[in-house]
Amino acid sequence: MTTQNPKKIVIEVIYKADYCLPCLYMDETVREVVPKYVKYVDYQRVDFLKGQGKKRFLELSNALFGEEGVRKHFRLVPVPSLFINGELFFDAIPPKFELEEAIEEVLLEKGLCDK
């Protein structure tokens with residue numbers, strides 16, 4: 001699900017459904033910010049109640065808490081949450097300026113843009 005272009009970073013929002021208002025607002029926040037970074041960012045919404053979203057949700061949960069944490073202790077990634085390149089960055093809706101700062105920080109680390 002996250003085939004990554006080496007010249008781009010991947011932002012993923014863990015999303016339950018449209019009736020989940022925090023999910024909806026996090027998705028809207030990302031969609032408002034991403035066009036500013038269209039050359040550098042791929043955005044993917046992880047609809048964890050559907051198809052490939054279930055698998056990706058489990059992959060991210062295992063990466064964050066370990067397989068034992070998920071299977072034995074039922075630790076799962078927060079809903080909604082925002083990952084950049086598979087790393088949890090926000091577990092609540094970030095203000096736009098914080099999301100922009102996080103994107104720019106990762107882009108600088110990856111050498112994808114100058115600031």
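## Charged patches, salt bridges and a buried methionine

Helix H3 (residues 96-110) gives the most to the negative patch, with 4 residues. Helices here are DSSP runs of H or I with at least four residues, strands are runs of E with at least two, and both are numbered from the N terminus. The model is predicted, so local features need pLDDT of at least 70 and side-chain atom pairs count only at pLDDT 80 or more, while totals for chains, interfaces and linings use all residues. Residues are numbered from 1 along each chain as its sequence is written, and side-chain values use heavy atoms, with hydrogens and water left out.

**Surface patches**

The negative patch is made up of Glu 87, Glu 98, Glu 101, Glu 105 and Glu 109. Patch residues have over 30% relative accessible area and no salt bridge; like charges are joined within 9 Å, and nonpolar side chains (Val, Leu, Ile, Met, Phe, Trp, Tyr) within 5 Å. Asp and Glu count as negative, Lys and Arg as positive, and His and the chain ends are not counted. Each charge is placed at NZ of Lys, CZ of Arg, CG of Asp or CD of Glu.

Glu 109 sits in helix H3. Its relative accessible area is 61%, so Glu 109 is exposed. The cut-offs are under 20% for buried, over 50% for exposed, and partly exposed in between, using a 1.4 Å probe and protein chains only.

A nonpolar surface patch is formed by Leu 21, Tyr 25 and Ile 93. Together these three have about 270 Å² of accessible area. Areas come from the Shrake-Rupley method with a 1.4 Å probe, and for residues only the protein chains shown count as cover. Tyr 25 belongs to helix H1 and is partly exposed at 42% relative accessibility.

**Salt bridges**

The whole structure holds 9 salt bridges. Each one is a side-chain nitrogen of Lys or Arg within 4 Å of a carboxyl oxygen of Asp or Glu.

| Pair | N to O distance |
|---|---|
| Asp 42 and Lys 8 | 3.4 Å |
| Arg 31 and Asp 27 | 3.0 Å |
| Arg 45 and Asp 27 | 3.6 Å |

What does the bridge between Asp 42 and Lys 8 tie together? Asp 42 lies in strand S2 (residues 41-47) and Lys 8 in the segment before strand S1 (9-15), so the pair ties together parts that are 34 residues apart in sequence. Asp 42 is partly exposed at 23% relative accessibility.

Arg 31 and Asp 27 are both in helix H1, 4 residues apart, or about one turn of the helix. Is Asp 27 buried or exposed? Asp 27 is buried, with a relative accessible area of 5%. Arg 31 is partly exposed at 46%.

Asp 27 also meets Arg 45 in a salt bridge. That pair links distant parts of the chain: Asp 27 in helix H1 and Arg 45 in strand S2, 18 residues apart. Through shared partners, salt bridges join Asp 27, Arg 31, Arg 45 and Asp 47 into one network. Arg 45 is partly exposed, with a relative accessible area of 25%.

**Met 26**

Met 26 is in helix H1 (residues 21-33). At 0% relative accessibility, Met 26 is buried. Which residues does Met 26 contact, leaving aside its neighbours within four places in sequence? They are Val 13, Pro 80, Ser 81, Leu 82, Ala 92, Ile 93 and Pro 94. Contact means heavy atoms within 4.5 Å. Val 38 is 12 residues from Met 26 along the chain, and their C-alpha atoms are separated by 18 Å.

Ile 93 is part of the nonpolar patch, and Pro 80 is joined to Val 79 by a cis peptide bond, with omega about -5°.

**The loop between H2 and S3**

Pro 80 lies in the loop between H2 and S3. Leu 76 is found there too, between helix H2 (51-71) and strand S3 (81-84). Leu 76 is partly exposed at 43% relative accessibility. Not counting residues up to four places away in sequence, Leu 76 touches Phe 57, Ser 61, Phe 65 and Val 70. Leu 76 and Val 38 are 38 residues apart in sequence and 30 Å apart in space, C-alpha to C-alpha.

Phe 74 is in this loop as well. Its phi is near 55°, a positive value in a residue other than glycine. Phe 74 is exposed, with a relative accessible area of 66%.

Asn 85 also has a positive phi, near 50°. This residue is in the loop between S3 and strand S4 (87-90). At a relative accessible area of 25%, Asn 85 is partly exposed.
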